[in-house]
Amino acid sequence: MEDQLLSIEQKLAGGERLTRDDGLLLLNSNELLRIGALARLVKQRKSGNKVYFNVNRHINLTNVCKARCKLCAFGCDADASQAYVMEPEQALAIARQAVADAPEMTELHIVSGLHPDKPFAYYADIIRVIHREFPALHIKAFTAVEIAHFAKIAKLSVREVLTVLKEAGLNSMPGGGAEILNDRVRHILCPDKATAAEWLEVARTAHQLGIRSNATMLYGHVETPEERIDHLLTLRQLQDETGGFQAFIPFPFHPENTGLSDLKRTTAWEDLKMLAVSRLMLDNFDHVKAFWIMLTVPIAQISMGFGIDDLDGTVVEEKILHAAGAKTAIGISKQEIIAFIRETGNIPVERDTLYREVRVYEGSEA
Ligand code: SF4
């Protein structure tokens with residue numbers, strides 16, 4: 001094991017790409033601090049001492065979802081007591097409030113359930129009305145799973161759906177719904193939403209249309225170490241082809257209130273290793289993000305020593321993961337993010353969605 005890690009260290013020193021076997025070796029190794037140091041080195045080459053965050057606001061248009069995935073604690077039936085659906089005016093009112101509360105906000109992050117009755121026009125209208133009133137605000141909306149759903153209900157191609165949304169004001173896409181890009185796993189977790197091939201095809205088409213996106217991985221449920229590494233390699237291959245992914249975001253599975261509630265939540269050790277291994281395997285991704293809401297602030301903070309250079313944003317009102325028992329706050333202030341990045345000796349950088357620097361907090365000002 002020792003020697004094999006040494007050969008990985010040598011490969012990384014020479015800028016060589018790691019193989020599937022290397023990935024498995026890293027994932028099965030217990031040398032967490034050594035792996036973390038390697039990931040930190042790679043991160044330093046990419047973004048130096050900078051750690052990014054943005055000022056954003058999440059909006060979840062509806063929790064009514066016909067897919068009812070086993071992994072999900074958010075989606076529900078239309079007649080459930082917690083069911084809700086926002087109309088375009090309500091979504092616009094939230095956007096207005098968010099801008100009033102934080103005039104420096106640069107991004108709205110919009111994802112939702114797959115409503116059984118709402119037509120594609122409903123989603124396009126929401127993007128249109130928000131974009132019309134706030135043309136400078138970056139709208140990052142709809143996972144590849146939602147886009148595949150829109151294509152089905154509207155009987156349009158994925159390309160046509162994305163073209164309509166882009167014209168309405170969609171700027172980029174979040175990376176959700178990737179889970180593990182393997183149909184064995186998807187059959188257990190989420191048989192009624194986009195397949196691995198469909199998810200990848202949406203991302204490919206979006207990138208071809210100039211819509212950048214992120215990619216996620218939900219780990220810590222029924223997947224094997226091989227399936228985790230293959231997920232990374234699949235994304236690396238698509239990134240070689242399109243260059244359209246901005247950041248990779250590994251999420252630990254939160255079992256509470258899901259159809260897999262008998263599973264145990266991953267440990268901090270496993271989370272940190274997964275973040276570091278992601279950084280090492282995805283040599284063509286500029287950023288690997290620790291989504292503090294899922295990881296908790298303490299683990300997100302430590303992850304900055306394990307190759308992470310992005311912490312997502314202020315979020316304000318997260319619903320999806322909190323339905324699954326996330327105990328983190330539903331949002332965080334900009335000052336808190338700046339303080340906890342600084343504490344690690346890194347430089348907090350406020351960015352927009354496309355990673356253009358809005359402000360670098362070099363000194364002690366907040
Ligand atoms: S994960 Fe997404 S598609 Fe699946 S039930 Fe939840 S909201 Fe619906």
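Ala, Val, Leu, Ile, Met, Phe, Trp, Tyr, Cys and Pro count here as nonpolar, Asp, Glu, Lys and Arg as charged, and the others, Gly among them, as polar. The close-ups below all come from a predicted model.

**View 1. The shell around the ligand.** By class, this shell has six nonpolar, one polar and two charged residues. The residues around the ligand are C65, A67, R68, C69, L71, C72, G113, L114 and K193. R68 and K193 are among them.

**View 2. An open sheet of four strands.** The strand order is β9-β1-β10-β11, and the pairing is mixed. β9 (310-313) and β11 (357-360) are the edge strands, each pairing on one side only. On average, neighbouring strands of this sheet are turned by 25° against each other, direction ignored. Strands of a sheet pair through backbone hydrogen bonds, either parallel or antiparallel.

**View 3. Strand β1 and its partners.** β1 spans residues 50-54. The strand is mostly covered, with four of its five residues buried. β1 and β10 run parallel and are joined by four bridges. β1 also pairs with β9 in the parallel sense, over two bridges. Look for Y52. Its bridge partner in β10 is V349. In β9, Y52 stands opposite D310.

**View 4. Strands β10 and β11, with R351.** β10 covers residues 347-351. Three bridges pair β10 with β11 in the antiparallel sense. R351 has E357 in β11 as its bridge partner. The charged end of R351 sits over the ring of Y355, 4.3 Å from the ring centre.

**View 5. The aromatic pair F120 and F150.** A search of the whole structure finds eleven aromatic pairs. F120 and F150 form a tilted one, with 5.5 Å centre to centre and 35° between the planes. This pair links distant parts of the chain, 30 residues apart. F120 belongs to helix α5 (residues 120-133), and F150 to helix α6 (residues 144-154). F120 has 9% relative accessibility, so this residue counts as buried. F150 is buried too, because its relative accessible area is 1%; the cut-off for buried is under 20%.

**View 6. The aromatic pair F251 and F291.** The ring centres of F251 and F291 are 5.6 Å apart and the planes stand at 55°, so this pair is tilted. F251 lies in strand β7 (residues 245-252). F291 lies in the loop between β8 (287-288) and α12 (292-295). The pair therefore ties together parts that are 40 residues apart in sequence. F251 and F291 are both buried.

**View 7. A cluster of rings.** Ring pairs link F120, Y122, Y123, F142 and F150 into a cluster. Y122 also has a charged neighbour: K118 lies over the face of Y122, at 4.8 Å from the ring centre.

**View 8. S7 in helix α1.** Helix α1 covers residues 2-13, and S7 is placed in this helix. S7 counts as partly exposed because its relative accessibility is 31%. D22 is 15 residues from S7 along the chain. The C-alpha atoms of S7 and D22 are separated by 9.1 Å.

Note on methods:
Residues are numbered from 1 along each chain as its sequence is written. This is a predicted model: local features need pLDDT of at least 70, side-chain atom pairs count only at pLDDT 80 or more; totals for chains, interfaces and linings use all residues. Side-chain values use heavy atoms; hydrogens and water are left out. Two strands pair if DSSP finds at least two bridges between them. Axes are lines fitted to C-alpha atoms, for helices over the stretch in contact, and angles run from 0 to 180 degrees between N-to-C directions. A residue is near a molecule or strand if one of its heavy atoms lies within 4 Å of it. Rings of Phe, Tyr and Trp (its six-membered ring) pair if their centres lie within 6.5 Å; planes under 30 degrees apart count as stacked, over 60 as edge-to-face and the rest as tilted. Buried means under 20% relative accessible area, exposed over 50%, partly exposed in between (1.4 Å probe, protein chains only). A charge sits over a ring if NZ of Lys or CZ of Arg is within 6 Å of the ring centre and within 35 degrees of the ring normal.
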